[in-house]
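Colleague: I am new to this structure. Please walk me through it, one question at a time.

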Amino acid sequence: MVQTISLQHVLQEAVATPYCDLVTRATGAAVRGRIEAALARADWTITLLDFSGVDCLDLSCADEIVAKLLLAAASRDRVVVLAGVREEQRDALEHVLVHHRLAVAARFRGTDLADVLGWTSDDAREAFAALHVHGAADASALATRLTWPLERTEVALEDLERNRIARATGGVFHPVTLL
Amino acid sequence: MTRVVEVPAHFDDRSFDQFAGWFGAWPPEERVLVDARGCQWGSPYGLVGLLTAGQALAEAGRERALLTVPASDDVKRYWARTGFFAHAAELFELHGKVPRAAATGPSDVLLDVTPIRASGDIHDIVGKIQEGAARILTGELGIEAKATMGFAMALSEACQNIVEHAGTSGWVAVQAYTFRRRLGRRVVVIAVSDAGVGFRRSLESSQAKRFGDRWADATALEAALIQNVSRFRDPGRGQGLAGIKRYLSRWQGKISIRSGTARLAIVPPWDEDVPLVDHLPFFPGAQVQVVIPAQHAES
């Protein structure tokens with residue numbers, strides 16, 4: 001099950017003003033608190049943080065919201081993904097995720113472009129893109145698609161699985177849903 | 001007795017140390033008269049620093065300081081337009097005629113001198129500045145449009161140092177102007193200043209032991225700006241200044257931080273500043289300046 005959370009909506013609830021910028025650590029902590037409360041009330045497997053309507057994102061908010069939710073999700077075997085991300089927000093997200101050695105799948109605003117942000121290899125990003133565009137595959141089929149040696153493909157898939165960006169079922173790797 | 005503090009004719013980050021030196025041992029026992037009559041130009045750094053002096057004297061329980069306004073009509077008009085006098089009137093006893101701030105359209109003042117007291121102030125600033133920043137960054141400085149958000153991020157993080165660490169309020173101003181002396185190009189300057197505890201005291205409990213006898217204003221700045229350490233145990237802390245540095249490295253920008261008796265800067269190739277200056281005259285709190293230059297020389 002996927003639970004979609006509109007960050008713009010939560011932001012405006014949290015600060016009780018029509019702000020569209022996710023800035024300051026205090027705001028980030030307030031937004032995260034509300035998201036955690038919502039997650040505690042339900043048993044969702046995948047949480048999709050929707051950035052639509054959010055303008056500026058600073059490092060403090062990226063850290064308080066995205067990094068801390070990812071760290072919490074890892075300990076509870078839950079998945080967090082991002083959608084509606086603006087290309088201009090990529091830097092802040094990459095910075096905090098690399099700092100914590102975390103990675104997350106993200107879909108960008110106004111495009112079908114999906115990418116892996118954060119602490120991951122170029123191979124893992126490419127493997128994810130291939131799974132996202134062409135669908136689930138086992139290591140062998142993906143290696144053929146990418147014209148990579150099997151071992152290289154397996155390392156990339158292990159990376160994705162470790163970050164819960166792809167899930168293996170019977171040897172077939174499914175990319176995390178970004179609907 | 002009155003202690004006279006002269007505002008340098010060209011009042012910016014470089015001449016600020018001369019200004020700080022007039023105060024002597026901090027806080028001065030005598031009533032302070034800040035004499036700005038001879039000032040011919042004040043940078044955003046100078047203006048927020050001036051307000052910080054007034055604030056710090058008030059917070060130290062000293063008699064309300066006097067401020068004689070610049071003699072130059074142009075300088076007075078510019079200071080009024082930045083909103084400086086409106087705030088100065090709350091901190092100083094003003095002497096001299098102060099012009100009314102005229103309503104203006106788009107100008108080089110991207111952000112008036114603005115107090116930072118809480119997180120909400122930073123939201124207001126970031127919301128307010130983005131349109132003007134885009135106009136200056138892309139239109140005048142030749143920086144790609146998507147860098148505007150990085151600029152707002154840098155501004156937000158610089159201001160958050162006040163809310164998170166200073167223990168009191170502070171000031172911010174943002175302006176575009178031509179850096180004739182050092183660069184010969186247009187620049188955008190963010191100046192942030194507070195009258196708070198400064199970097200050394202903020203980091204003392206977590207870092208002093210590690211530095212031992214070397215612990216001082218300079219090493220505290222080094223820990224914060226170079227090593228990205230924070231006084232908080234949260235491993236996510238300390239990324240703000242690192243993020244600003246990363247943004248600036250992409251655009252050949254400069255950051256300098258003065259706190260207590262030291263100043264540390266990340267110096268780009270176009271500047272001749274010294275990275276670390278120690279044993280400066282003491283000044284309260286912290287003063288941060290971020291400079292982003294035009295990517296091409298003015299034609």
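Colleague: In which loop is the place of B:Q252?

Modeller: A word on the source: this is a predicted model, where local features need pLDDT of at least 70, side-chain atom pairs count only at pLDDT 80 or more, and totals for chains, interfaces and linings use all residues. Residues are numbered from 1 along each chain as its sequence is written, and chains are lettered from A and ligands numbered from 1 in the order in which they are written. Helices (H or I, at least four residues) and strands (E, at least two) are DSSP runs, numbered from the N terminus. By that naming, B:Q252 lies in the loop between α9 and β10 (254-260) of chain B.

Colleague: What is the phi of B:Q252, and is the residue buried or partly exposed?

Modeller: Most residues other than glycine have a negative phi. B:Q252 is not a glycine, yet its phi is positive, near 55°. A residue is buried with 20 or more other C-beta atoms within 10 Å of its own, exposed with 12 or fewer, and partly exposed in between; C-beta atoms are placed from the backbone. B:Q252 has 16 such atoms within 10 Å, so it is partly exposed.

Colleague: Which loop holds B:N228, and what is its phi?

Modeller: B:N228 is in the loop between α8 (217-226) and α9 of chain B. With 16 C-beta neighbours inside 10 Å, B:N228 is partly exposed. B:N228 is not a glycine, but its phi is positive, at about 60°.

Colleague: Which peptide bond is cis, with omega near -10°?

Modeller: Look at the loop between α1 (16-21) and β3 (31-35) of chain B, where B:P27 has its place. The cis bond, with omega near -10°, runs from B:W26 to B:P27.

Colleague: Is B:A294 buried or exposed?

Modeller: B:A294 sits in the segment after β13 (283-293) of chain B. Residues are in contact if their C-beta atoms, placed from the backbone, lie within 7 Å. Leaving out residues up to four places away in sequence, B:A294 touches B:E140, B:L141, B:G142, B:R185, B:R186 and B:V187. B:A294 has 23 C-beta neighbours inside 10 Å, so it counts as buried.

Colleague: How do α5(B) and α6(B) run relative to each other?

Modeller: Axes are lines fitted to C-alpha atoms, for helices over the stretch in contact, and angles run from 0 to 180 degrees between N-to-C directions. The axes of α5 (residues 119-139) and α6 (residues 147-166) of chain B come within 9 Å and cross at roughly 150°. Angles under 35 degrees count as roughly parallel, over 145 as roughly antiparallel, 65 to 115 as roughly perpendicular and the rest as oblique. α5(B) and α6(B) are therefore roughly antiparallel.

Colleague: Which element of chain B gives the most residues to the side that touches chain A?

Modeller: In this contact, 20 residues of chain B meet 22 residues of chain A. The elements of chain B that give two or more residues are α5, α6 and α9 (239-250). With eight residues, the one that gives the most is α6(B).

Colleague: What percentage of chain B counts as buried?

Modeller: Chain B has nine helices and 13 strands. Its C-alpha atoms fill a box of roughly 50 × 50 × 35 Å along the principal axes. Of its 299 residues, the share that counts as buried is 49%.

Methods. Contact = placed C-beta atoms within 7 Å.
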